[in-house]
Amino acid sequence: MKKVTVALVGAGLRGINYLEYAIQQPHELEVVAVAEPVRARRESFQARHGIPDEMCFEHWNELFAKPKLADAVLICTQDQQHFEPTMKALELGYHVLLEKPMSPDPQECITMGEMASKSGRVFSICHVLRYTPFFSTLKELLNRGEIGQLMSIQHNENVGYWHQAHSFVRGNWRRKDESSPMILAKSCHDLDILLWLADADCTQVASFGSLSHFKASEAPEGAPLRCLDGCPVSDQCVYYAPRLYLTENTDWPTSAISNDMSYEARYKALQEGPYGRCVYHCDNDVVDHQVVNLEFANHVTAAFTMSAFTRDISRTIKLMGTRGEIRGAMEKNEIEVIHFGSGKVERITFEDMGGHVGHGGGDMGLVKDFLNLVRSDGKSQGLTSADRSVQSHLMAFAAEQSRVDGRNIRMQEFVGSFSKEN
Ligand SMILES: NC(=O)c1ccc[n+]([C@@H]2O[C@H](COP(=O)([O-])OP(=O)(O)OC[C@H]3O[C@@H](n4cnc5c(N)ncnc54)[C@H](O)[C@@H]3O)[C@@H](O)[C@H]2O)c1
């Protein structure tokens, strides 16, 4: 098997996580270069992968100023920093694995998709759910016709109350202008899965939702701007930052608040940094609950709910067909197939594939699939394609537009409005 070489742009949480694959399977993948402005991150990644000094860069433009130095590039910078390095990498002839969302700008998503077809390079988006045993089993059951013809899908993304507070109230994805709307940042995976399971183009989208809880009008009386500033409700507040971040457990999400995991450094991060702010006094504007209704060209309908107000971080789904029903709970690793008539119920269970941090086994499955595509020089078929990713991103943009404008969106017109701008 040919070993694939890659360069990483952005040695943050996601980039580091995917490239653990090179540590686990060194005969399949070697990391040969990194671009990362934060010195501590760059040096720790360099040491982990044994990268020589001359292959470590502060900015992606220094890496791309060199002649092509690897087969592929992983672009794992933040949402608004995806477009430029992706275009440059494709122009230089690299195969590209890009983090989702492709971009917060629909036109940029379309342009990257077009650039990828022109360049003939592999361009995969990190839609990790397609690679999980859970969702690939659902797809397989539908393909085998286990429930006859699929008619309706009900899908829930249960964000988890503390996860919402961490990432979408205090953290990096709290503001549309700095990252993306919630439906893109958090749920573009889910729209991609719905497109995959429905197996037809999406024709119409309607959405509702708002930011109703994590705002100043909902703050308990006397709540200060920061939890550590003598909050009078610290005992009852489930979002009290010291209880979330100053425990013995320094795994994610605590690992995101500081590069130094000592108690003192974390305490300081809560005194000064974004994660110590009262959840009712942040500068967040993304929604905390949203629903999206979708119709597909084969008349399959889907109802999707994203909500912050759940105990678990999980995804639950119901697929309704002409001959049966499938119910699934991703985090429980359980699928139930119910056959009409005979009443037969089949239960499928999976081993724990690493929980939500590794997306139920999806992260490593995705890297493996990408490496296969790179080895075949883009000639073999992957589980997803740039075109499908562009389409599922456009569904997310349409949902956001529907939510904001309060109207139904027809996908053909919506997509056409961008081609006119070209
Ligand atoms: N696929 C998924 O399920 C999933 C899950 C979480 C996040 N994400 C997405 O992954 C992306 C990265 O998220 P993260 O949590 O790793 O963020 P992060 O902030 O931890 O990492 C981004 C890194 O990019 C670096 N960077 C900034 N400018 C750079 C430049 N000019 N050149 C090179 N590097 C630069 C930053 O210093 C940082 O270390 C985001 O787009 C996010 O939305 C995807």
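## Domain arrangement

The C-alpha centres of domain 1 and domain 2 are separated by 25 Å. The model is a predicted one, in which local features require pLDDT of at least 70 and side-chain atom pairs count only at pLDDT 80 or more, while totals for chains, interfaces and linings use all residues. Residue numbers start from 1 along each chain as its sequence is written. For the protein chain, the domain assignment lists domain 1 (4-125), domain 2 (130-214 + 285-421) and domain 3 (216-276); such bounds come from an automatic or database domain assignment.

Helices (H or I, at least four residues) and strands (E, at least two) are DSSP runs, numbered from the N terminus.

## Surroundings of the ligand

The ligand is surrounded by 25 residues, of which Gly10, Gly12, Leu13, Arg14 and Glu99 are the closest; a residue is near a molecule if its C-beta atom, placed from the backbone, lies within 6 Å of it. Helix 1 contributes the most to this shell, with three residues. The shell around the ligand divides into 11 nonpolar, eight polar and six charged residues.

## Helix packing

Helix 5 (residues 83-91) packs against helix 6 at an angle of about 10°, and their axes are 10 Å apart. Axes are lines fitted to C-alpha atoms, for helices over the stretch in contact, and angles run from 0 to 180 degrees between N-to-C directions. Helix 5 and helix 6 are therefore roughly parallel to each other, a term for angles under 35 degrees, with those over 145 counted as roughly antiparallel, 65 to 115 as roughly perpendicular and the rest as oblique. Phe83, Thr86, Met87 and Leu90 of helix 5 make the contact with Glu108, Met112, Met115, Ala116 and Ser119 of helix 6. This contact has six nonpolar, two polar and one charged residues.

A second pair is formed by helix 7 (residues 133-143) and helix 10 (residues 188-198), whose axes come within 10 Å and cross at roughly 20°. Helix 7 is thus roughly parallel to helix 10. In this pair, Phe135, Leu138, Lys139 and Leu142 of helix 7 meet Ile193, Trp196 and Leu197 of helix 10. The contact of helix 7 with helix 10 has six nonpolar, no polar and one charged residues.

## Backbone features in loops

The peptide bond between lysine 100 and proline 101 is cis, with omega about -10°; proline 101 belongs to the loop between strand 5 and helix 6. Another cis peptide bond runs from tryptophan 252 to proline 253, with omega near 10°. Proline 253 is in the loop between helix 11 (241-245) and helix 12 (263-272).

Aspartate 199, although not a glycine, has a positive phi of about 60°. Aspartate 199 is located in the loop between helix 10 and strand 8 (202-210).

Key. Ala, Val, Leu, Ile, Met, Phe, Trp, Tyr, Cys and Pro count as nonpolar, Asp, Glu, Lys and Arg as charged, and the others, Gly among them, as polar. Two residues are in contact if their C-beta atoms, placed from the backbone, lie within 7 Å.
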